[in-house]
Amino acid sequence: MHNIDNTSTSGQPTNANGAGHRQTTLRITGMTCAACSTRIEKTLTRLNGVRQANVNLTTEEATVAYDPALVDIQSLRNKIDNLGFGTASTSVDLNISGMTCAACSARIEKGLSRLPGVTRVNVNLALESGHVEFVAGTLKGSDLIYKIRQLGFEARIKATEVEALSMREQEIQRKKWKWILSAVLSFPLLWAMVSHFSFTSWIWVPDVFMNPLFQWLLATPIQFYLGSQFYKGAYKALKNRSANMDVLVALGTSSAYLYSLYLTSLTSTGGTSGHNHGGSVPVTEVVNTATQGPVNLYFETSAVLITLILLGKWLEALAKGKTAQSIKSLMQLAPRSARVLRNGEETELLPEYVLANDLVIVKPGEKIPVDGIVEEGASSIDESMLTGESLPVDKKFGDRVTGATLNKNGRLVIRATQVGADSALSRIIHIVEQAQGSKAPIQRVADSISGIFVPVVVGIAIVTFILSLIFQNSEGFSAALERAIAVLVIACPCALGLATPTSIMAGSGRAAEYGILFKGGEHLETAQHIQTVILDKTGTVTHGKPVMTDVISAPAWSTNELLQRVGIAESSSEHPLAQAIIDGIREKDIKIMFMPEQFENIPGSGVRARGYNQDILVGTRRLLADVKVQVPPEALARMSELEGQGKTVMLVAVDNVWAGMVAVADTVKETSSQAVSRLQAMGIEVVLMTGDNVHTARAVASQVGISTVIAGIQPEEKAAEVERLKQMGQIVAMVGDGINDAPALAVSNIGMAIGTGTDVAVEAADVTLMRGDLNSVADAIELSKRTMRNIKQNLFWALAYNVVGIPIAAIGLLAPWLAGAAMAFSSVSVVLNSLRLQKMKL
């Protein structure tokens, strides 16, 4: 039995691009090259009710957006099965409580059967258990439990021994043993070849190795058992009037095997001597009993070809597995258990079974299992997995915490808010999976070539065979066959098919490690072309939270005395600027001794309070002027200077005498200036766009080196400004964090949301920057450029390999076994080149 939460990758079908539509991910088996994935994609897209289908050869998954009123998951599976492929299924066993009669078990069976993707349900009343089988990737264990609870019962997944290997790892092991067994059977055939070379003729070869019947016995299981996957794949492809790599391999190896079998039926062993026929492939020489002339066998050719291709498939699977390492790394961040407080008792559960509003206890040194709000306790939390910030963040009652972050030093009781697929970590994993499973526009070039590649190669092989017979008749049928086989087996559509998706997987995975989440391959491709970056001010260039920056006291007052008075006055105010002042006073370790005796909030002007038996005013010029407080000219000049820097300045008067001033500002992030410089060094124009006043906007812009400022505009005007730049031919990226940025994020070529911002902004964006650091914008563009460069290298290699290799094979300069080795390792080289992205430094 598979543990569903280990094998499922996409979760429950979700709405996709409109009401009435769902999206699901099916895990497909049996694909061998890009032609397979293209065929499945085209067929699914033609189905009535399917809005979009995207099949990824690398992840072996199909993501389908469909209308459940017109088509269901079983119909999608049936169509894939009809094409000759399969969809992986998985199962889960449940303990179910609360059933009292057969009607209960029947109701549960009926309810679960209606879930999308469920293929079989068996609920046993006597054992109080259930067994559910469903399409891998469509559901999670928590979905089944939630449905059973909706029906009025309780359920939990049976405690089972976790499988040692995932499905992908099991497949890798299977491929490993297949090529090893094939190599063992091929070894005697390779040994027999040594006598055919003058420089190795001194090596002893057992007579039995040269016997045609012995060679036939070794080659047959390789051809039809270990190589059966090629025949199955070829049959499925031809049945659906298409062709793939399996067709080429099956044709090439079968030609060599069947021709050798035919000759074996006519021959007697001609001893241990042999020769290198045609100057290329060493084969066994036997005597034709009908003509008494020497003939050459090709058993070793077909056996070695299959062995090398199986080896290449194993290495390819290993490399492809590494491209998915980023997803594994993200999943490993999740804690293994959660301590939930229910009915006054602590219960240890898997995190996926925690429900919204559950109280979760987190002890020091433990990872927080779910997103939630602190109900009890205080601690510092290591959020580096989310923000990249190494310094712990203090959390207290009412503060939000994120699942998978580390509780450092205090006991916390957290009320769960976002659980399961709604948690921050699950959303991050989903976005990365979505990006890795999507297609970049550049891949369509490879897809179009792959669609006609195999028929063209078969045609070239036939022409090569005919021309060799006509113009090289002295070399005979054997040489013509050899060249045709070499053409068939050297061609490699796999390298073309893997060129783009492996780079997208590796690039988007590496981006995730840097806290940059691309929502699709198309965004990863577009980012390299960005010409203009528009930055929102508040929360993007600045911290988004006002802080006290300056304290200036009159000669008669010390800073501490002044701030004690200001603190008393502002302690009863709910204004954000008042809170910034109070926080600033506390950071200076100045204690506010008592609450004000009297307090008055003067809207738009400031506050009036009484403390220390003194009347305290904190507010604007107008407030002090109304009560006839005289402010020295030099103080007013300093006030204007601070305001010119984008700061809000409040004057302070005690007993109607000016005592000083306090300045508050939303300070610029420490890295913003460096990030702007990096973008400008890339030749990108940087624009600051904000709803704030021009004065403040220009002050912030001057601090970070931005010369173009657009200020005082509404959210809809931000979107219009983006459209104006796009109409001028600019590729525009919008970077923001708030609800007011969502329209502009949506209409830009690339919308980048600061991950520390609102959910609305993150949802509207194409790229999420989890770290809240503007350097991530430059990093995202650099990642895009390097990933696209890597894809172009892969495509160049794949195309150049085939363009150069096929003619060389056609003119007889390449032995079939060497051609097979080249084909096997061409796709491996493409994947290995993609893996370089995982080591990329920014």
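Guide: Start with a definition: a residue is buried under 20% relative accessible area, exposed over 50%, and partly exposed in between (1.4 Å probe, protein chains only). The model is predicted, so local features need pLDDT of at least 70 and side-chain atom pairs count only at pLDDT 80 or more, while totals for chains, interfaces and linings use all residues. Residues are numbered from 1 along each chain as its sequence is written, and side-chain values use heavy atoms, without hydrogens and water.

Visitor: Why is arginine 149 called partly exposed?

Guide: Its relative accessibility is 22%.

Visitor: What makes arginine 149 and glutamate 154 a salt bridge?

Guide: A salt bridge is a side-chain nitrogen of Lys or Arg within 4 Å of a carboxyl oxygen of Asp or Glu. Here the N to O distance is 3.2 Å, so the pair meets the rule. Glutamate 154 is partly exposed, at 42%. By this rule the count comes to 17 salt bridges.

Visitor: Why do glutamate 346 and arginine 339 count as a salt bridge?

Guide: Their side chains meet at 3.7 Å, N to O, which is within the limit, so the pair counts. Arginine 339 is buried, because its relative accessibility is 16%, whereas glutamate 346 is partly exposed at 46%. Arg339 and Glu346 are also linked with Glu366 in a network of salt bridges.

Visitor: Where do glutamate 641 and arginine 638 lie?

Guide: Both are in helix α22 (residues 633-644), 3 residues apart, about one turn of the helix. Helices (H or I, at least four residues) and strands (E, at least two) are DSSP runs, numbered from the N terminus. The side chains of glutamate 641 and arginine 638 meet in a salt bridge at 2.9 Å, N to O. Glutamate 641 is partly exposed at 44%, and arginine 638 is partly exposed at 28%.

Visitor: What puts the buried residues on the same side of α3?

Guide: In helix α3 (residues 73-82), Ile73, Leu76, Arg77 and Ile80 are buried. They cover an arc of only 100° around the axis, so they lie on the same side of α3. The arc is that of the directions from the helix axis to the C-beta atoms.

Visitor: What makes β27 and β28 a pair?

Guide: Two strands pair if DSSP finds at least two bridges between them. β27 (residues 598-602) and β28 (residues 606-611) are joined by 5 bridges, so they pair, and they run antiparallel. They form a hairpin with 3 residues between them, where glycine 604 in the turn has a positive phi of about 80°. Isoleucine 602 stands opposite glycine 606 in β28. β28 is also joined to β29 (residues 614-619), antiparallel, by 6 bridges.

Visitor: How do you know where confidence is lowest and where highest in the chain?

Guide: The pLDDT is the predictor's confidence in each residue, from 0 to 100. Helix α1 (residues 4-7) has the lowest mean, 31, and helix α23 (residues 672-681) the highest, 94. Over residues 1-19 the pLDDT is below 50. Where pLDDT is low, the predicted coordinates should not be read in detail. The chain averages 80, and 84% of the residues score at least 70.

Conventions. Contact means heavy atoms within 4.5 Å.
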